[in-house]
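Reader: I am new to structures of this kind, and I would like to learn how to read one carefully. Could you take me through it step by step?

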Amino acid sequence: MTIQAHLVELERKHKLLENELHEALVHLSTDDLQIVELKRRKLMVKDQIERLRQSETLH
């Protein structure tokens, strides 16, 4: 998988997590731990995207 294709996939995952987090926040019955987990996963994906972008500019 090329770096660009990997970036596209990570950006897709980030958007899905963003939507899932939004839905969880809208529903008051959502467990706080679930919201924390979604935020953590979203941040991890964002960090991966940033690392890939930085490595792409170095090459």
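**Reading the chain**

Author: Let us begin with burial, where a residue is called buried under 20% relative accessible area, exposed over 50%, and partly exposed in between, using a 1.4 Å probe and protein chains only. In this chain, buried residues make up 20% of the 59 residues. The model is a predicted one, in which local features need pLDDT of at least 70 and side-chain atom pairs count only at pLDDT 80 or more, while totals for chains, interfaces and linings use all residues. Residues are numbered from 1 along each chain as its sequence is written, and side-chain values use heavy atoms, with hydrogens and water left out.

Reader: How many helices and strands are in the chain?

Author: Helices (H or I, at least four residues) and strands (E, at least two) are DSSP runs, numbered from the N terminus. The chain has 2 helices and 0 strands. Its radius of gyration is 14 Å, well over the 10 Å that the globule rule gives for 59 residues, so the chain is more spread out than a compact globule. That radius is taken over C-alpha atoms, and the rule is 2.2 Å times the number of residues to the power 0.38.

Reader: Is histidine 14 buried or exposed?

Author: Histidine 14, which lies in helix α1 (residues 3-26), is buried because its relative accessible area is 16%.

Reader: Which residues does histidine 14 touch?

Author: A contact means heavy atoms within 4.5 Å. Leaving aside residues up to four places away in sequence, histidine 14 touches Lys42, Val45, Lys46 and Ile49.
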